[in-house]
Amino acid sequence: MKKLGLIIVLICGSLMLYGTIDFPDWADPSSPASTHLSPYFIETAMHDTAVPNIVTAVLADYRGYDTMFETTVIFAAGLACFFLLRRFQRRAPDVNLFRHMPTGITLRIKKGGKVPVDSSEFERIDSIWVPYDLIIKTTCRLLIPFILLFALYVIAHGHHSPGGGFQGGVILGAGIILYAISHNLRAAKARIKERFDAYMCSAGVFIYVGTGVLCLLMGANFLDYSALAPLLGTDPIMARSHGILIVEIGVGIAVMAVMICLYYNLSSAGRQDEGL
Amino acid sequence: MTQHLPAIIIVVPLLSALLVAVFGWIKKTICFVIALPAMGIVFLSSIVLFYKVITENQPIIYFLGGWSPPVGIAYNIDHLSSLVLVLISGVTLAHLIATRQTVIEEFTNKVSAFYTLYILFVTGLMGIVATGDAFNLYVLLEIASITGYAMIGMNSGRAYLACFNYIIIGTIGACLYLLGVGYIYLVTGSLNMLDIASILPGLVDSKVVPAAFIICMVGLMVKMGLFPLHGWLPNAYTYAPSSVSTLMAPLTTKVMIYVMVRVALYVFTPVLSFSVIKPGNGFTWIAVAAIIMGSLMALSQQNIKKMLSYIVIAEVGYMVGGLWLGNRMGITGAILHIVNDAVMTLCIFLAVVSFSSYKKRDKLSDFQGAFKEMPVTAAVFCVAAISIIGVPPTCGFFSKWYLISGGLAAGHYAFVAALLFSSLINMVLFFRIIEIAYFEPFSDHHGKKHHVKIAEASPGLLIPLIIVACMLIILGLYTDELVTHVISHAIPAEIV
């Protein structure tokens, strides 16, 4: 069976290679891909949308409809992960572990036992061997604000340089995940609750779709940002540039929230009690 | 507002999916309340679009973002796509109402996530049908696939494995389609279907075009579950939650066949598809194999859902074979069968769900006495069964008639024989169930007969079921109108 598979793969592979004989050469300036549509984008993108980064102009304006659904794909992936993995039956653990921070003594508190109230001295831990991680925690605490700041820069600067909502959103999400890894899942969930995260997932996509619907209500076609000019107080071309920024922000929020949702569910096998 | 209808059929469900995701956290019952009007609007809009296309007798083209193609993305709603749009939205509406109770039972505390995925799935399918852009089609295919995988996996037992198989195989299929689009883009520089269709005939000598064609088609065959590539289908439809398999079995494969028709006739143009590349004969032989193997494998199943899944595989063979006969009769039969088979499959799967509403009936032997307990469901089941067998006046007969005429006109007698063989097998399959359910005595272990009480499914399930069953006969009676006013315009004029 394996040999049969290999033979089929070899035949298909060679047929596909045979099909590539008539491909245009690498970086051939006269190939159809660089003569049919690309000149239009290169020549008029700035004029049409006031966005110097042609990639962003194509991605979020000329083919903004594709990007809207790409965002929806990410949303659907996060939702699918939640749908398949999340387990709501909460089984209270038999033993809770608390560490007394100043002395380093770990308390095992059985079910029904008295739980320490003063949370500044006691820290709840998941297993007995959780090491002290002062260096990791402090380093992450120093790093995370800058990571988040850089993410905002990437989102906002998509018009001029490589970047945009997807990349910035991933960096934002990575910042939060770093926090969850360096502390624990409970600490991260205290900052960003599961339900809030779910709202953010929807809100991000909603900003994108809502922008399109707003254009529709203003009398233009769906996602035709130039119709937003009266609302934004600019001319139609600048309105396209602003419209792109708005949807990029939506994409950023959605991607960040989905990243967090994926981490919460995957790291805890859907129970969301204790993380990695 | 009517000029924005092509956007509305996509945007309304998309927005409602987001609303369901948010408000479902707050109150579970609100999901259905949001989903139902959204689907209603989509259904009505689709009908208006369908009516407009027929009366004006020209396609409606909508520029998304205000950019005219090939620069931007355009929706191109012609006779073919408007027909399938009405089909998808109608099937979804009936299914949504019919499975309201089942969904609450199956997804107790994840109802909102389920409905969000459900609506996104339908949005994806609607978009696939409406779009006039080859890459946009892939993006929407991704949406329909990811949500489909998630919904299939949400059952205990073997559903996980079935879902995992489907993810791997389905992703390969979608990637192959994308690769084919990439090949096309390399030689044309365009992604808009109409634009590609105008450029490709000038490239008949290029070796890239046949390669792109074959890769696209193989990808689509994987997604539709055509016989040697059907591996994912039976388990996915058998072990999925019943509210999911009843939606996916009628829609997924049919929409993929629509895409195949669209790509073959409107991207690669009939000249390339039927005269230059000429895969027709080979593809029809694959379809013959699919019909025969699907029918035979259906015969050997004891689980009713699995049996129906194999019938779906055989039906995929009908449509693919009809399309690649390459004559007007055969393609008419294929398109007509897309419509008929979606309604038939919906009807028979819903009837099986209805049979299981009080006690679980998976195996054929579980059906003993089912007809006495549920007379209405039994009647609906019989209507769907005779439609799948192909008995007039139900719609299954007419599409089969066109397919057989197409086969005779093309001189492909093996295809005709396979169709007749499959009808015979279907007859055996369904009469076996009818025999078990109607004639076989059912008794307890002591040989005493039970006192039979009529225990019908809830009216929420029965009413849509009856409407769908009536549609089978109505579609059959109005076949002629459907063919002359819609389908004959959907096939390019150069096909005779």
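The model is predicted. Chains A and B meet through 47 residues from chain A and 47 residues from chain B. The largest nonpolar core holds 267 residues, and H15(B) gives the most to this core. H15(B) also packs against H11(B), with the two axes 8 Å apart.

**Contact between the chains**

- Chain A contributes 47 residues to the contact, and chain B contributes 47 residues.
- On the chain A side, five helices each supply at least two residues: H1 (2-19), H2 (32-35), H4 (54-62), H5 (64-85) and H9 (194-217).
- H5(A) gives the most to this side, with 14 residues.
- By class, the side of chain A that touches chain B has 31 nonpolar, 9 polar and 7 charged residues.

**Nonpolar core**

- The largest nonpolar core has 267 residues.
- Within this core, B:Leu117, B:Val343, B:Cys347, B:Ile348 and B:Ala384 touch the most other members.
- H15(B) gives the most to the core, with 19 residues.
- B:Leu117 has contacts in both chains: A:Ala76, A:Leu79, A:Ala80 and A:Phe83 on one side, and B:Thr147, B:Ala150 and B:Met151 on the other. That list leaves out residues up to four places away in sequence.

**Packing of H11(B) and H15(B)**

- H11 of chain B covers residues 242-267, and H15 of chain B covers residues 328-355.
- The two helices pack at an angle of about 170 degrees, and their axes are 8 Å apart.
- H11(B) is therefore roughly antiparallel to H15(B).
- Their contact has 14 nonpolar, 4 polar and 2 charged residues.
- From H11(B), the contact residues are B:Ser242, B:Ser245, B:Thr246, B:Ala249, B:Pro250, B:Leu251, B:Lys254, B:Ile257, B:Tyr258 and B:Val261.
- They meet residues of H15(B), including B:Ala334, B:Ile338, B:Asp341, B:Thr345, B:Phe349 and B:Val353.
- An α-helix has 3.6 residues a turn, so residues three or four places apart point the same way.

- H5 of chain B runs over residues 111-130. Its 20 residues should span 28 Å at 1.5 Å a residue, and its end C-alpha atoms are 28 Å apart, which agrees.
- Of the 20 residues in H5(B), 19 are buried, so this helix is largely enclosed by the rest of the structure.
- H7 of chain B runs over residues 159-188 and has 30 residues. From first C-alpha to last, H7(B) reaches 42 Å, close to the 44 Å expected at 1.5 Å a residue.
- B:Gly189 follows H7(B) and has a positive phi, near 75 degrees.

**Cis peptide bonds**

- The bond from B:Pro69 to B:Pro70 is cis, with omega near 5 degrees. B:Pro70 sits in the loop between strand S1 (60-64) and strand S2 (73-77) of chain B.
- B:Pro392 and B:Pro393 are also joined by a cis peptide bond, with omega about 5 degrees. B:Pro393 is in the loop between helix H17 (375-389) and helix H18 (395-410) of chain B.

- Most residues other than glycine have a negative phi, and most peptide bonds are trans.
- A:Ala27 has a positive phi, near 55 degrees. A:Ala27 lies in the loop between H1 and H2 of chain A. A:Ala27 is exposed, with 7 other C-beta atoms within 10 Å.
- B:Asn57 has a positive phi of about 55 degrees. B:Asn57 is in the loop between helix H2 (30-56) and S1 of chain B. B:Asn57 counts as exposed, with 10 C-beta neighbours inside 10 Å.

**Two further sites**

- A:Lys137 lies in helix H6 (residues 134-156) of chain A. A:Lys137 is partly exposed, with 14 other C-beta atoms within 10 Å. Neighbours within four places in sequence aside, A:Lys137 is in contact with A:Ser182 and A:His183.
- B:Glu494 falls in the segment after helix H21 (479-490) of chain B. B:Glu494 is exposed, with 11 other C-beta atoms within 10 Å. B:Glu494 and B:Tyr115 are 379 residues apart in sequence, and their C-alpha atoms are 43 Å apart.

Conventions. Residues are numbered from 1 along each chain as its sequence is written. Chains are lettered from A and ligands numbered from 1 in the order in which they are written. This is a predicted model: local features need pLDDT of at least 70, side-chain atom pairs count only at pLDDT 80 or more; totals for chains, interfaces and linings use all residues. Axes are lines fitted to C-alpha atoms, for helices over the stretch in contact, and angles run from 0 to 180 degrees between N-to-C directions. Helices (H or I, at least four residues) and strands (E, at least two) are DSSP runs, numbered from the N terminus. Angles under 35 degrees count as roughly parallel, over 145 as roughly antiparallel, 65 to 115 as roughly perpendicular and the rest as oblique. Two residues are in contact if their C-beta atoms, placed from the backbone, lie within 7 Å. Ala, Val, Leu, Ile, Met, Phe, Trp, Tyr, Cys and Pro count as nonpolar, Asp, Glu, Lys and Arg as charged, and the others, Gly among them, as polar. A nonpolar core is a set of buried Ala, Val, Leu, Ile, Met, Phe, Trp, Tyr and Cys residues joined through C-beta atoms within 7 Å. A residue is buried if 20 or more other C-beta atoms lie within 10 Å of its own, exposed if 12 or fewer, and partly exposed in between; C-beta atoms are placed from the backbone. The expected span of a helix is 1.5 Å times one less than its number of residues.
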